[in-house]
Amino acid sequence: MKKKIAIYPGSFDPITFGHLDVLEKASKIFDEVIIAVLKNSSKKSFLPIEDRVMLIKQSVEEKGLTNVKVDSFEGLTVDYAKKTGAIFIIRGLRAVTDFEYELQMSQTNSALAPEIGTMFLTTRPKYNFISSSTVKEISTFKGDISKFVPKSVVEYLQRL
Ligand code: PNS
């Protein structure tokens, strides 16, 4: 039978426990999940793309997720999804406030590539409030981020 592949695209700037929770759930549903870091986002990134990818690889390894691949991409998410043979795009939802933007994005992607679906997964409540932006802010002011991000990210950010 054909392998069921999903991509989990995002900025992951940096990866958090919330992202990893979504990734773990997706890895139980699909044969393979490719976590795909967007290279040239209009958003100015905090960490260089190579470091974001490296931190995801370390975190995935720490978690022991064996059917997850890590990659980066440029351009449209649906084009990347088609290139990899993915049938679904995974996105995490933390709160209702995420929903409007996510719904619009999924409908745009569906208009561009109707054969690719979007699957929304929610994070466990204890990870609901975590965001890469708050992690960045706390880390900039040397606060404790160990409750929000994996060990490799804590160590990396401490070295900055
Ligand atoms: O982690 P983020 O920043 O919320 O992820 C957003 C992302 C990368 C999934 C989104 O910006 C995206 O898909 N960008 C690629 C360009 C694209 O495909 N745009 C059309 C969909 S609106």
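**Group meeting: the ligand and its pocket**

Around the ligand we find Gly-10, Ser-11, Leu-38, Lys-43, Gly-75, Leu-76, Thr-77, Arg-91, Tyr-101, Met-105 and Asn-109. Before going on, please note that this is a predicted model.

Let me sort that shell by class. Four of its residues are nonpolar, five are polar and two are charged. Which helix gives the most to the shell? That is helix 4, residues 96–112, with three residues.

Now the contacts with oxygen atoms of the ligand. For Ser-11, an N or O atom of the side chain is 2.5 Å from a ligand oxygen. Thr-77 has a polar side-chain atom 2.6 Å from an oxygen of the ligand. For Arg-91, the distance from a polar side-chain atom to a ligand oxygen is 2.9 Å. As for cover, the ligand taken alone exposes 550 Å², and the protein buries 75% of that.

Where does the ligand sit? It sits in the largest pocket. That pocket holds about 1100 Å³ of space. It is lined by 42 residues, and those closest to its centre are Gly-10, Ser-11, Lys-43, Arg-91 and Tyr-101.

By class, it divides into 14 nonpolar, 18 polar and ten charged residues. Several elements supply at least two residues each: strand 1 (5–10), helix 1 (17–29), helix 3 (77–84), strand 4 (88–93), helix 4 and helix 5 (132–140). Helix 4 provides the largest share of the lining, eight residues.

My last topic is the backbone in one loop. What joins Asp-13 and Pro-14? A cis peptide bond, with omega at about 5 degrees. Pro-14 belongs to the loop between strand 1 and helix 1. Phe-12 is found in the loop between strand 1 and helix 1 as well. Phe-12 is not a glycine, yet its phi is positive, about 45 degrees.

To find this loop on the screen, look between strand 1 and helix 1. Both of those elements are among the ones that supply at least two residues of the pocket lining. That is the end of my part.

Conventions: Residues are numbered from 1 along each chain as its sequence is written. This is a predicted model: local features need pLDDT of at least 70, side-chain atom pairs count only at pLDDT 80 or more; totals for chains, interfaces and linings use all residues. Side-chain values use heavy atoms; hydrogens and water are left out. A residue is near a molecule or strand if one of its heavy atoms lies within 4 Å of it. A polar contact is a pair of N or O atoms within 3.5 Å; within protein, one must be able to donate a hydrogen and the other to accept it, and residues adjacent in sequence count only if both atoms are side-chain atoms. Accessible areas come from the Shrake-Rupley method with a 1.4 Å probe; for residues, only the protein chains shown count as cover. On a 1 Å grid over the protein atoms alone, a cavity is a set of points where a 1.4 Å probe fits but cannot get out, and a pocket is an open set with protein on both sides within 12 Å along at least five of seven lines; lining residues have an atom within 4 Å of a point. A molecule sits in a cavity or pocket if more than half of its atoms lie within 2 Å of its grid points. Helices (H or I, at least four residues) and strands (E, at least two) are DSSP runs, numbered from the N terminus. Ala, Val, Leu, Ile, Met, Phe, Trp, Tyr, Cys and Pro count as nonpolar, Asp, Glu, Lys and Arg as charged, and the others, Gly among them, as polar. Grid points are joined across faces, edges and corners, and a volume is the space filled by probe spheres set on the points.
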